[in-house]
Amino acid sequence: MKASTYIIEYEAQAKSGTVLKSGKIKVKNKTSSIQAQMSLEDYLKRKVNGFSKLIVKSCKEDIISAIFGDTFGNDNPFGF
């Protein structure tokens, strides 16, 4: 499979259900939406204090990056 960029709309929740952070983020160089969501969850575990659960509202492949990524470059050593 070819690596793609995914746009994920999410909420990061604490154990109590309190929303700690929410928004949209691009996750780059992942071969599936599940892999992109797992990568986001790992990122939030490291960056958000008290993080317990990831709620994904939507996860879509970024079509613009898929079309133009090869033309304008697709290198990202950090994965995000």
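What is the order of the three strands in the open sheet, and is their pairing parallel or antiparallel? In this predicted model, the order is 2-1-3 and the pairing is antiparallel. Strand 2 and strand 3 are the edge strands, each with a single partner, so one side of each has no neighbour in the sheet. On average, neighbouring strands are turned by 20° against each other, direction ignored.

**Strand pairing**

Strand 1 covers residues 4-13, and eight of its ten residues are buried. Its two pairings are set out below.

| Pair | Residues of the partner strand | Bridges | Sense |
|---|---|---|---|
| Strand 1 and strand 2 | 19-30 | nine | antiparallel |
| Strand 1 and strand 3 | 53-61 | eight | antiparallel |

Towards strand 3, Ile7 stands opposite Lys60, and Tyr6 stands opposite Glu61. Strand 1 and strand 2 also form a hairpin, with five residues between them. Gly17, in the turn of this hairpin, has a positive phi of about 95°.

As background, strands of a sheet pair through backbone hydrogen bonds, in either a parallel or an antiparallel sense.

**The helix**

Helix 1 spans residues 33-47, which is 15 residues. From its first C-alpha to its last it reaches 21 Å, close to the 21 Å expected at 1.5 Å a residue. Ala36, Ser39, Leu40 and Leu44 are buried in this helix. Seen down the helix axis, the buried residues fall within an arc of 135°, so they line one face of helix 1. Ile34, Lys45 and Arg46, on the other side, are exposed. What covers the buried residues of helix 1 includes strand 1, strand 2 and strand 3.

**The nonpolar core**

Which residues make up the largest nonpolar core? It has twelve: Tyr6, Ile8, Tyr10, Ala12, Ile25, Val27, Ala36, Leu40, Leu44, Val48, Phe51 and Leu54. Strand 1, strand 2 and helix 1 each supply at least two residues of this core. The largest share, four residues, comes from strand 1.

Three of the buried residues named for helix 1, Ala36, Leu40 and Leu44, belong to this core. Phe51, another member of the core, touches Ala12, Gln13, Leu20, Glu41, Leu44 and Lys45, leaving aside residues up to four places away in sequence. Among these contacts, Ala12 and Leu44 are themselves core residues.

In soluble globular proteins, nonpolar side chains tend to be buried together.

Technical notes: Residues numbered from 1 in each chain as written. Predicted model: local features only at pLDDT ≥ 70, side-chain atom pairs only at ≥ 80, totals over all residues. Heavy atoms only, no water. Buried < 20%, exposed > 50% of the residue type's maximum accessible area, 1.4 Å probe, protein only. Pairing = 2+ DSSP bridges. Expected span 1.5 Å × (residues − 1). Arc of directions from axis to C-beta. Contact = heavy atoms within 4.5 Å. Core = buried A, V, L, I, M, F, W, Y, C linked by side-chain atoms within 4.5 Å. Axes fitted to C-alpha atoms, helices over the stretch in contact; angles between N-to-C directions.
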